[in-house]
Amino acid sequence: MGFLTPKELTAQYAGAGEAKTKKTAAELFVLAVLAGALIALGSAATNTASFGVADVGIARTICGLLFPFGLCMVIVTGAELFTGNCLITITLLERRCTVTGMLRNWVIVYLGNFVGGALIAAGCAFFGQFNYGAGALAVYTIKIAVGKCGISFGAGVVLGILCNLLVCMGVLMAMSAKDTAGRLMGAFIPVSFFVICGFEHCVANMYYITAGMLAAANPQYAELAVAAGLDLSKLTLGNFLLGNLVPVTLGNILGGGLLGGIMWFSYLKKH
């Protein structure tokens, strides 16, 4: 067959997760920076493509068609993405890694993803990429960040769960294929769904909110944003970290862990 069965796929991820927990800290961090940068580039592309589109449905669809290529690049390069690594719960349930090994991977990869996303955000903010539309792209970038900093804790958790169910499904679907085209298509479709629906992805938000905060720090962009009616007071470090990243990250862990647990229980558990 040209694809893995669900049981074969789950067993293969258990082995892949074990390898992830055994990489050196330096390997994990460098590959995590790469993944954060690739996801950020996908995020930057969605903002650039949709900032001039007034219809929300059309704008979300455009984003849904572009953003998934970020995950496709992560899969092809073997980069380390925190949200996908939430599936290491499969490895843990198979007793092929320890809780400490899993958490070590998550912490290092999370930090590396943040660095990668922040670097791309800084590149866009400080070197003119936000000048599109006479600064309209900067205003849109700030608008996205303001909106994400204003969600409730409960919404962040639930939207994070829904997001990572789809992201991890994309990771598994990509792993199930045996050729490059199948891997890319497997990753593309579920991620496209989460973007169109507006679910919350912690690594993408590391770019979206950082970019918005850096844009707002530019007096010219800030003036345009205020004229557009945006409340820049929401763009605080507390709202970024505690108001968005904490609940969204928790939701992403729960969503990925839930899918991993379902797959392990259904196909690998020794009844």
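Predicted model: local features only at pLDDT ≥ 70, side-chain atom pairs only at ≥ 80, totals over all residues.

**Salt bridges, packing and surface**

Guide: Let us start with Lys270 and Glu94, which form a salt bridge whose closest N and O atoms are 3.9 Å apart.

Visitor: Is Lys270 buried or exposed?
Guide: The cut-off for exposed is over 50% relative accessible area. Lys270 has a relative accessible area of 65%, so Lys270 is exposed.

Visitor: And what about Glu94, its relative accessible area being 22%?
Guide: Buried means under 20% and exposed means over 50%, with partly exposed in between. At 22%, Glu94 is therefore partly exposed.

Visitor: How many salt bridges does a search of the whole structure find?
Guide: The Lys270 and Glu94 pair forms a salt bridge, and so do Lys20 and Glu80, with their closest N and O atoms 3.3 Å apart. Lys20 lies in helix α1 and Glu80 in the loop between α4 (68–77) and α5 (82–85), so this pair ties together parts 60 residues apart in sequence. For the whole structure, the search gives six.

Visitor: Which residues are linked with Glu18 in a network of salt bridges?
Guide: Glu18 and Arg96 meet through their side chains at 2.8 Å, N to O. Glu18 belongs to helix α1 (residues 6–21), while Arg96 is in the loop between α6 (88–93) and α7, 78 residues apart. Glu18 counts as buried because its relative accessibility is 18%, whereas Arg96, at 35%, is partly exposed. The network links Glu18 with Lys22 and Arg96.

Visitor: What is the angle at which α7 and helix α11 pack?
Guide: Two packed helices are described by the angle between their axes and the distance between the axes. Here helix α11 covers residues 202–216, and the two axes are 8 Å apart. The contact includes Tyr110, Phe114 and Phe126 of α7, and Met206, Tyr207 and Leu214 of α11. α7 passes α11 in a right-handed crossing, and the angle is about 35°.

Visitor: How far apart are the axes of helix α2 and helix α3?
Guide: Helix α2 (residues 25–50) and helix α3 (residues 56–66) pack at an angle of about 145°, and α2 passes α3 in a right-handed crossing. Ala45, Thr46, Ala49 and Ser50 in α2 meet Ala59, Ile62, Cys63 and Leu66 in α3. The distance between the axes is 9 Å.

Visitor: Is Phe240 buried or exposed?
Guide: Phe240 is found in helix α13. Leaving out residues up to four places away in sequence, Phe240 touches several residues, among them Phe114, Met206 and Met213. Its relative accessible area is 4%, under the 20% cut-off, so Phe240 is buried.

Visitor: Which helix gives the most to the nonpolar patch?
Guide: The patch of about 630 Å² is made by Phe153, Leu237, Leu241, Leu242, Val246, Leu250 and Leu254. Leu237 lies in helix α13 and counts as exposed because its relative accessibility is 55%. With six residues, the helix that gives the most is α13.

Conventions: Residues numbered from 1 in each chain as written. Heavy atoms only, no water. Patch = residues over 30% accessible without salt bridge, like charges linked within 9 Å, V, L, I, M, F, W, Y side chains within 5 Å. Areas by Shrake-Rupley, 256 points an atom, 1.4 Å probe, with all protein chains shown as cover. Salt bridge = Lys/Arg side-chain N within 4 Å of Asp/Glu carboxyl O. Helix = DSSP H or I, 4+ residues; strand = E, 2+ residues; numbered from the N terminus. Buried < 20%, exposed > 50% of the residue type's maximum accessible area, 1.4 Å probe, protein only. Axes fitted to C-alpha atoms, helices over the stretch in contact; angles between N-to-C directions. Left-handed = near helix turned anticlockwise from the far one by under 90°. Contact = heavy atoms within 4.5 Å.
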